[in-house]
Amino acid sequence: MKTKMKTSSFIIIMVLAIIVAVYTLMPFFLVVINVFKSANGIVADPIGTTGASFSQLLTNLSNVVNNTNFSFWYAFGTSALITIVSLVLLALFGGMAAWVICRNKTKWSTAIYMVFIASMIIPFQVVMLPLISTFRDVGSFVGISMLQSIPGIVFAYCGFGGAMTVFILTGMVKTVPYDLEEAASIDGCSYEGIYFRIIFPLLKPSIVTVTILNGMWIWNDYLLPSLMLGQNGRVKTLPVAVQAFVGSYVKQWDLILTAALLAMLPMIIIFLIAQKQIMSGMVEGAVK
Amino acid sequence: MRPAVKPVAARHSGGGRFARVSVMAEVIIKDLKKVYDNDVVAVHDVNLHIKDKEFIVLVGPSGCGKSTTLRMVAGLEDISGGELYIDGVLVNDIAPKDRDIAMVFQSYALYPHMNVYDNMAFALALRRVPQDQIDKKVREVAEILGITQYLERKPKALSGGQRQRVAIGRAMVRDPKVFLMDEPLSNLDAKLRNQMRAEIIKLRQRINTTFMYVTHDQTEAMTLGDRIVIMKDGVVNQIGTPEDLFDRPVNLFVAGFIGTPIMNFFEGCKLLLEDGVYYAQIHDAKFKLDEFQQNALKQNGQKACDVVCGIRPCHVTVGEGELTAKVEVNEMLGSEVNLHTVCDGDEVIMVIPTMNLNVDVSMGTEIKFSTQPRLIQLFDKETGNNLIWYDKESVEANAPVCKTYNF
């Protein structure tokens with residue numbers, strides 16, 4: 001392959017790739033070099049390494065973690081809980097929905113599928129304000145606080161993430177031969193057994209994919225939690241909590257960037273650990 | 001509501017290798033019918049009594065309802081009408097898993113995420129058979145099928161033939177009452193298919209249970225089946241042994257479907273009745289029918305009429321004879337030669353053993369040929385029914401067999 005590719009086009013592609021990589025990684029690079037500096041150091045030389053020291057990083061970290069306004073561990077735990085619960089529910093129910101939609105071809109199942117697809121097209125910004133008032137009404141009607149609560153935001157994430165999850169998993173279910181389900185039902189599987197023992201394991205590659213996509217989005221999301229949980233609410237996710245360092249007049253850049261790095265870190269670590277599976281999840285099923 | 005299905009564990013408990021607690025596994029199909037939502041009738045009132053340990057083959061062209069019938073027996077399709085009994089129990093509304101059947105699919109349907117061992121152990125594990133018994137059973141079956149060395153492999157790392165064995169093994173470990181096979185060999189290449197066919201025959205002798213086998217390949221049907229059910233457009237055309245179907249086809253469809261190359265049909269023939277003696281007239285040649293045919297026709301009160309005569313390619317002799325044909329294609333197959341000829345507008349295929357060949361049969365030559373009158377099949381020109389073997393009563397009962405005579 002490589003030898004066949006013309007040298008000139010190879011060079012062009014590489015140059016383009018490098019430009020895109022630099023462009024994408026620049027913000028991350030700025031965060032990384034600036035967490036080693038004090039607030040003044042950052043303002044003095046934002047893109048150089050002047051004033052950077054490892055001891056300053058430790059100072060920044062301890063300032064962030066011990067800041068009572070920020071309450072890092074609490075926000076971290078909240079983010080983790082919301083993300084994990086949402087992802088588990090999305091994978092479980094998304095798979096079920098995809099399976100049923102795909103296998104019971106009726107007018108209704110097609111209509112429901114179309115609703116899922118349609119909801120992907122609508123931008124979040126269009127629905128966000130009606131959503132908040134609806135959640136408030138529903139919450140007061142059923143007596144459960146939907147706003148400023150973890151169940152409420154998990155519910156919202158399942159709704160927003162459900163469309164893409166169902167869309168991707170439906171495509172995957174279509175590739176699972178129906179014979180397998182019939183064989184399983186003859187072998188003695190119940191309806192639930194067929195899902196959990198046959199369908200769910202076979203959806204694994206796609207479930208990894210949707211979990212990565214949803215996970216990155218839910219973990220990093222700022223807008224929905226800021227609306228649903230509020231700036232000064234009881235419950236805070238990491239991205240919302242970082243906001244604590246942003247004042248109207250003073251921006252504590254050292255703390256903002258350190259907190260941002262801490263917020264990014266889990267996703268980066270997970271990506272590095274699960275890289276092999278993520279990549280195989282994206283290509284598995286492509287070749288028989 | 002629960003059927004009289006003995007738990008597998010109970011049946012596994014005793015006995016040696018494949019010793020079965022004598023499970024009677026008769027399958028009785030009464031007026032079985034399948035009508036789809038769009039009013040398409042896939043299967044018309046099928047009646048079939050499959051005896052214990054019998055090997056039944058359902059054969060027919062694509063879309064004839066054979067697979068649908070099998071799937072209704074398996075419980076994968078709802079039964080629109082009629083009754084289905086397995087081992088004396090009405091199973092119409094019983095879930096597939098409770099019917100105590102096993103099925104081998106055309107696509108093998110092996111679970112891709114499980115290795116061979118788990119694929120085979122799956123059904124037993126679901127029935128909560130103790131682990132040591134599962135292990136024993138799986139290894140025993142793997143040994144018989146010669147797949148022991150592949151037990152740890154995933155299905156995708158196996159060849160077609162090996163996957164086929166695993167699929168059969170998965171069905172075997174359960175000791176089912178009825179073994180259902182839906183075109184199990186059609187995904188294999190010709191050589192492997194012949195090999196697996198022989199293995200199924202061996203296997204059948206070994207596990208000795210009731211088999212229901214669907215195929216569109218009449219060679220498979222003839223070699224495997226104790227009895228064959230031949231279907232067309234959802235209707236059973238004939239139920240009989242391979243010999244019945246070959247020698248005593250009840251109608252033109254059965255006669256044309258069974259046998260390769262297919263039977264030669266001569267249009268515009270006549271059945272003559274002169275002084276109480278029946279003759280078959282094929283073109284200008286007149287054959288005095290055999291004594292058995294004379295008696296049968298007499299008993300049926302058959303009058304002289306227009307008929308279609310059928311002669312199997314292997315029943316033709318060349319060299320001398322009343323009929324003349326021109327050789328168009330000559331296929332030399334070594335032990336025999338297939339001649340594609342034209343006789344007065346009718347295409348006639350002849351299969352002649354080379355050792356009996358003593359005339360020139362090169363392309364373009366005219367040859368004389370004949371047959372023995374007793375090998376001529378006579379079909380009514382209007383209905384296509386065999387004048388001798390068509391049995392009206394059995395057809396009316398939707399379980400058509402060839403007519404029996406006792407002279």
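Tutor: Before we start, a word on helix axes: they are lines fitted to C-alpha atoms over the stretch in contact, and angles run from 0 to 180 degrees between N-to-C directions. Keep in mind, too, that this is a predicted model.

Student: Which hand does the crossing of H4(A) and H7(A) have, and which residue class has 18 members in their contact?

Tutor: H4(A) passes H7(A) in a right-handed crossing. Seven residues of their contact are polar and one is charged. The class with 18 members is nonpolar.

Student: Let's move to H8(A) and H9(A). How are they arranged: antiparallel or oblique?

Tutor: Their axes are 10 Å apart and the packing angle is about 130°. Roughly antiparallel would need an angle over 145 degrees, so H8(A) is, relative to H9(A), oblique.

Student: Which residues of H9(A) make the contact with H8(A)?

Tutor: The crossing of these two helices is right-handed. From H8(A), the contact uses A:Leu180, A:Glu181, A:Ala184 and A:Ser185. By class, the contact has four nonpolar, one polar and two charged residues. The H9(A) side consists of A:Ile194, A:Arg197 and A:Ile198.

Student: Which element gives the largest share of the side of chain A that touches chain B?

Tutor: Chain A puts 13 residues into the contact and chain B puts in 17. On the chain A side, the elements giving two or more residues are H8 (178-187) and H9 (191-220). That side has eight nonpolar, two polar and three charged residues. The largest share, seven residues, belongs to H8(A).

Student: Over in chain B, which residue in the turn between S12(B) and S13(B) has a positive phi?

Tutor: Strands S12 (residues 277-282) and S13 (residues 285-288) of chain B run antiparallel and are joined by four bridges. B:Ile282 has B:Ala285 of S13(B) as its bridge partner. The two strands form a hairpin with two residues between them, and the one with a positive phi, about 50°, is B:His283.

Student: Finally, what distance separates the centres of the two domains of chain B?

Tutor: The domain assignment gives domain 1 as 8-247 and domain 2 as 262-396. Taken over C-alpha atoms, the separation of their centres is 38 Å.

Methods: Residues are numbered from 1 along each chain as its sequence is written. Chains are lettered from A and ligands numbered from 1 in the order in which they are written. This is a predicted model: local features need pLDDT of at least 70, side-chain atom pairs count only at pLDDT 80 or more; totals for chains, interfaces and linings use all residues. Domain bounds come from an automatic or database domain assignment. Two residues are in contact if their C-beta atoms, placed from the backbone, lie within 7 Å. Ala, Val, Leu, Ile, Met, Phe, Trp, Tyr, Cys and Pro count as nonpolar, Asp, Glu, Lys and Arg as charged, and the others, Gly among them, as polar. Two strands pair if DSSP finds at least two bridges between them. A crossing is left-handed if the near helix is turned anticlockwise from the far one by less than a right angle, and right-handed if clockwise. Angles under 35 degrees count as roughly parallel, over 145 as roughly antiparallel, 65 to 115 as roughly perpendicular and the rest as oblique.
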